[in-house]
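Please keep the sequence and the model in view while reading.

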Amino acid sequence: MLYNIVTLKETRGDIMRNTYMTSEETNKVKSYMVRAGYNITSLAETIGISREMLSARLSGKVDFGRTEMNNIAAALNIPPDVIFFEYGVTQKETDNTTKEV
């Protein structure tokens, strides 16, 4: 099966939009944030981006960069693969946009 890790389609009502993170993935990241004692503002400050930038990424409007993923994972003290990569796709494999899994 091929899985495109760059863009997913998510349907909300009658509107279909491109999204980089599903709501499940966003909730997963937020749960790790809460466990580590962060909110969006404090995590954004810790990783060196604005609250607005982090919010846009968590809502799926903008994709996370590799550095941002690594910085978030380091702040939350967990490997990036645990937070950001589903379906057996690892961080090393993200050099290509489509991978067979």
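## Crossing of α2 and α4

In this predicted model, the axes of α2 and α4 cross at roughly 115° and come within 10 Å, where axes are lines fitted to C-alpha atoms, for helices over the stretch in contact, and angles run from 0 to 180 degrees between N-to-C directions. The helices are DSSP runs of H or I with at least four residues, strands are runs of E with at least two, and both are numbered from the N terminus. α2 and α4 are therefore roughly perpendicular to each other, on a scale where angles under 35 degrees count as roughly parallel, over 145 as roughly antiparallel, 65 to 115 as roughly perpendicular and the rest as oblique.

On the α2 side Leu43, Thr46 and Ile47 take part, and they meet Asn71, Ile72, Ala75 and Leu76 of α4, contact being defined as heavy atoms within 4.5 Å. Ile47 is buried, with a relative accessible area of 10%, whereas Thr46 counts as partly exposed at 45% relative accessibility; buried means under 20% relative accessible area, exposed over 50%, and partly exposed in between, with a 1.4 Å probe and protein chains only. Leaving aside neighbours within four places in sequence, Ile47 is in contact with Asn71, Ile72 and Ala75, and Thr46 with Tyr38 and Ala75.

## α3 and its partners

α2 also packs with α3, at an angle of about 110° and with the axes 8 Å apart, and these two helices are therefore roughly perpendicular to each other. Ile40, Thr41, Leu43 and Ala44 of α2 make this contact with Arg51, Leu54, Ser55 and Leu58 of α3.

Within α3, the buried residues are Leu54, Ala56, Arg57 and Leu58, and they pack against α1, α2 and α4. After α3 comes Gly60, which has a positive phi near 85°.

Because Arg57 belongs to helix α3 and Glu68 to helix α4, the pair ties together parts that are eleven residues apart in sequence. Glu68 counts as buried at 12% relative accessibility, and Arg57 counts as buried at 11%.

## The nonpolar core

The largest nonpolar core has 20 residues, of which Leu43, Leu54, Phe64, Ile72, Ile83 and Phe84 touch the most other members; such a core is a set of buried Ala, Val, Leu, Ile, Met, Phe, Trp, Tyr and Cys residues joined through side-chain atoms within 4.5 Å. At least two residues of this core come from each of α1 (23-35), α2 (40-47), α3 (51-58), α4 (66-76) and α5 (80-84), and the largest share, five residues, is supplied by α4.

Ile83, one of the residues touching the most other members, is in contact with Lys28, Val29, Tyr32, Ile72, Ala73, Leu76 and Ile78 when its neighbours within four places in sequence are left aside. In the loop between α4 and α5 lies Asn77, which has a positive phi of about 60° although it is not a glycine. Asn77 counts as exposed, at 67% relative accessibility.

## The chain as a whole

The chain has five helices and four strands, and along the sequence they follow the pattern β-β-β-α-α-α-α-α-β. Of its 101 residues, 35% count as buried. Among contacts between residues at least 6 apart in sequence, 48% join residues at least 24 apart.

## Basis of the values

Residues are numbered from 1 along each chain as its sequence is written, and side-chain values use heavy atoms, with hydrogens and water left out. As this is a predicted model, local features need pLDDT of at least 70 and side-chain atom pairs count only at pLDDT 80 or more, while totals for chains, interfaces and linings use all residues.
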